Amino acid sequence: MKPGNQTSVSDFLLLGFSEDSEHHPILFGLFLSMFAITVLGNLLIILAVTSDSHLHTPMYFFLFNLSFVDICFTSTTVPKMLVNIQTQSKAITYAGCITQMYFFMVFGGMDTFLLTVMAYDRFVAICHPLHYAVIMNPRLCGLLVLMFWFISLTYSLIQSLLMLRLSFCTNWVISHFYCEIAQALTLACSDTLINHILLYVVTALLGIVPFSGILFSYIRIVSSILRIPSTAGKYKAFSTCGSHLSVVSLFYGTGLGVYLSSDAPSWRGMIASVMYIVVTPMLNPFIYSLRNRDIKRALKIVLGRTFYVQ
């Protein structure tokens, strides 16, 4: 890229967590372990859902997609960070940075959409159980996921193309462990008004609209559960959405931390990003497997077959 009279950008520098090389082995081991647990845990969820016919329902179809997206979301940033720590390099190519931004936006958007439709699925199951099979039919579920992919891919492509038109000054240092778009925009010498408008509008839409949908679904769910006369019935109804509610709380809690700290790069901001990008996808399989009998049973079958083959 040759932005007029500005210097051509070849690499960005990601400052990461520590300048002290003595800390690098600890950081490498820590993030490698979390990345491995994330991939393995979500792969087990995918195998459990695909191998057990009892789990071929809308809720587990969305969980299957969520696990796949979580693997991809974490893989967008962590492997490059591990390579930089191991090689003691902070560089990422200009093309690599734009590519990382693109996929980060794609999978981050998909996470938001999937959590929203999973809340709607629980709303229909609890508030309209007799119409559940008709409303949440396989065709609708498939179309919803395809629509989510289309929206995420389109927005991310537009934002990435807008990044390509920008000119950058001689300061190409990003105070983070990945190419965070808001920080990259601050390095541009050319006008970033359109980029910022699109970023804030889409962030608001992906944050407020899905969260409002989730909030509405759970208000109706809680209202329906409270009308159930027996305590056992209330517990059974709430247990079907407890795992999802835990994941939503973790996702939006850490996401809010990233948003609030995005304008002031610091240790606090990077820790919030680690919680959002690495810890949340790592914990999701544990939350769903520990609180869900169907997943537990399917995982036992999958693991049993694995050890039997060996």
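A residue counts as buried if its relative accessible area is under 20%, as exposed if over 50%, and as partly exposed in between, using a 1.4 Å probe and protein chains only. By that rule cysteine 241 is buried, because its relative accessible area is 0%. The structure is a predicted model, in which local features need pLDDT of at least 70 and side-chain atom pairs count only at pLDDT 80 or more, while totals for chains, interfaces and linings use all residues. Residues are numbered from 1 along each chain as its sequence is written, and side-chain values use heavy atoms, with hydrogens and water left out.

**Cysteines**

- A disulfide is a pair of cysteine sulfur atoms within 2.5 Å, and the count by this rule is one disulfide.
- The disulfide is formed by cysteine 97 and cysteine 179, whose sulfur atoms are 2.1 Å apart.
- The torsion about its S-S bond is about -130°, so the disulfide is left-handed.
- Cysteine 97 lies in helix α3 (residues 94-127) and cysteine 179 in the loop between β3 (173-174) and α6 (181-186), so the pair ties together parts 82 residues apart in sequence.
- Helices (H or I, at least four residues) and strands (E, at least two) are DSSP runs, numbered from the N terminus.
- Cysteine 97 is buried at 0% relative accessibility, and cysteine 179 is buried at 2%.
- Cysteine 72 is in no disulfide, and the nearest cysteine sulfur, that of cysteine 179, is 18 Å away.
- Cysteine 72 counts as buried, with 17% relative accessibility.
- Cysteine 241 is also in no disulfide; the nearest cysteine sulfur belongs to cysteine 127 and is 9.4 Å away.

**Helices α5 and α7**

- Helix α5 (residues 138-164) packs against helix α7 (residues 193-226) at an angle of about 160°, with the axes 10 Å apart.
- Therefore α5 is roughly antiparallel to α7; angles under 35 degrees count as roughly parallel, over 145 as roughly antiparallel, 65 to 115 as roughly perpendicular and the rest as oblique.
- Axes are lines fitted to C-alpha atoms, for helices over the stretch in contact, and angles run from 0 to 180 degrees between N-to-C directions.
- Contact means heavy atoms within 4.5 Å, and the residues that meet include Tyr155 and Ile158 in α5 and Ile194 and Asn195 in α7.

**Aspartate 294**

- Aspartate 294 is found in helix α10 (residues 293-309) and is partly exposed, at 31% relative accessibility.
- Leaving aside neighbours within four places in sequence, aspartate 294 is in contact with Leu55 and Tyr60.
- The C-alpha atoms of aspartate 294 and tyrosine 60 are separated by 10.0 Å, and the two residues are 234 residues apart along the chain.
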